[in-house]
Structures are given as structure tokens and as C-alpha cells.
Amino acid sequence: MTTMLEPLRRIAAYAVCTDSVDRVLLVRASERSGTPGTWSLPGGAVDHGEDPQHTVVRETAAETGLSVAVAGLHDVLADMRALPERGITIHTDRLVYRVSVRGGSLTDRVDRPTDLARWFTLDEARQLPLRSFTARALGLPAASADIVPDEPPEFPSFYAVPGPDGLHRAQRFAAYAVVTDPDGRVLLTRVADGYPGAGCWHLPGGGTDYGEQPGAALIRELVEETGQTGRLVELLGVASHRDAASLGPEGYPIDWHGVRAFYRVVVDKPAPPTVGDVGGSTCEARWFAREELGALPTDRLTEVTAEAVQAARLT
């Protein structure tokens, strides 16, 4: 029956917050939520155009009464769950950050989706009904009561909706790779004409499919865009960029918000790059020596590429 539910996607950000005795901060879902009585990391949905690091600070304060500072990225996860009572199934891309407490005091809430915030040792948390993403983020066994859809529903790779200002809005999660080979070369792709950033060099990767984990999506996109088989090494970071009036093949302005996880990927046996998705957003793929990459003008790189290359310390 879950195939009959309306599919939705969202991006959310969460906090792994520990105190001086290594207890972790969790919040309880209230009767107003889709999973009452379960416990999870504090956090919630990323608003359109909002940096996920701001989301996790805002949501943690709202749900717990504590002000936190982001210390770094912990993990990026994705999951599906069905809510038959609401007639929907949701794919959520979850960005999990490490945070520290700056001040405030724990506050319970009334008539909100979460009602309690408490500190637990990991042994205590292990005994709680945890949401599956929370158990995974904490390295605990997952025994979630979430209903998982029978199979991923059909959902468009690009999805724009009318915004309050009259422009269409699109919020998209994507996964990209900083790809290197045994000689230290870096693999980049060039954006095709008619797409935002046309002519610029970009990272291999792209939007994830409904129900797909970001790492699996990235390896799939690498093959489709460049013909290379890679292995995932590490998560480097997350970039959040908003273009308030992006122009692409749709032919009309779109208020575009992209949230992109970028990973380090190694291709052990490189081959001449070949673009398999002919007619798409990628028109060329090429290996660059480090000195060639360093010589590229900044305006020849997309924003996420410049940010990821810097995070990987390649230039």
C-alpha cells in the first residue's frame, strides 16, 4: 500500500551534542509527530536558502533550549519512511553535525512535534526507541518502528514549486566527488551550454535519486558522467549555495537552493574519460594534473568545485 502514498523530499540537519561526561542530547517525538514516543537527535528541516549549519543551531535551540556552536560535519545519511496516516512517504537527506553547548538550559515543550529533551549515556540510549538515523549516527543498533516503503516511488530528479514571491523554487540535494588517480591527477567535468555555470569546470556527481544513499549515488554518477569506476574514501564537507534567479534549460528563472555533500574518491585504474549521459548537463570530462588545476582561473570553476578542492587541499 505504500506505493499509493504521495512522495515528498526534504533536507534536514541534526546535532550530535555531548556533555563533559559523554552523555548525548536527545529529544522525544510527541503525539503531534509521525513517530510519537521515539527519540532522536535534535534538528529539523532546512528552510529554502538556509545554510544547514544555521538550521542545526536554530532547531537545537527551539527543541532543547540550548544554544550550540557547530564544530564540524559528522555524517550525511538518507532514508525513506512512510506515513500512511498522512498519505505521504518521505525521503530525507540528513546532515549530521557535531556541536558544543554555548549556554541555555533544557526546556520541555507543549503542543510541538518534540516535547522532551534529555541527556543520556550511550548505554541508556541503546535501550530507547531510537529513530533509525539517530542510532546509525551514534553507532548503535537500529531497531526503528519506521514504516519503510515497499520500493522507491517515482519522483522527478528536478522538482520546482511556486514560491511566495512568484518565482519557482527548487531545493535539491546532490553528492559530488573530488576524484584523484594514483598519479595525483584530478578529474573534472565541464558544464554544458544551457545549464547554470555553462563552460565552467565542475565536480563529477549530481542529484541523488529518491531512496538513494549519497555515496551510492556518487559512484553511479561517476560512471555515467566520466566512465570511471571509483571507490569512496571519505566525506569532506557540505556546501550550501543559493541562486535567487537561476536560469537553466527550463527557460524561466528559478530561486535555486543546492545543498551538496562532497567526498574524496579514488580511481585506482583510470581510463580516458567518456561522457555517457550525452545531451545532459555534462559535455566533457578531463583529468587535470595538480599544476593544471592550480592554474585554472577561479571564474572557470563552479562554486562547489572551488570549495571542495580547497577542502581537499589540492591547490
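Q: Does Asp79 count as buried or exposed, and at what relative accessibility?
A: Happy to start here: this is a predicted model, where local features need pLDDT of at least 70, side-chain atom pairs count only at pLDDT 80 or more, and totals for chains, interfaces and linings use all residues. Residues are numbered from 1 along each chain as its sequence is written, and side-chain values use heavy atoms, with hydrogens and water left out. Buried means under 20% relative accessible area, exposed over 50%, and partly exposed in between (1.4 Å probe, protein chains only). Asp79 therefore counts as buried, at 14%.

Q: Which residue forms a salt bridge with Asp79?
A: A salt bridge here is a side-chain nitrogen of Lys or Arg within 4 Å of a carboxyl oxygen of Asp or Glu. The closest N and O atoms of this pair are 2.5 Å apart. The partner is buried too, with a relative accessible area of 0%, and it is Arg94.

Q: How many residues apart in sequence are the parts that Arg190 and Glu284 tie together?
A: These two form a salt bridge, with closest N and O atoms 2.8 Å apart. Strands (E, at least two residues) and helices (H or I, at least four) are DSSP runs, numbered from the N terminus. Arg190 lies in strand β10 and Glu284 in strand β15, so the parts joined are separated in sequence by 94 residues.

Q: What is the strand order of the open sheet of three strands?
A: Two strands pair if DSSP finds at least two bridges between them, and β2 and β3 are joined by two. Strands β3 and β7 stand at the edges, each with a single partner strand. With antiparallel pairing, the order is β3-β2-β7.
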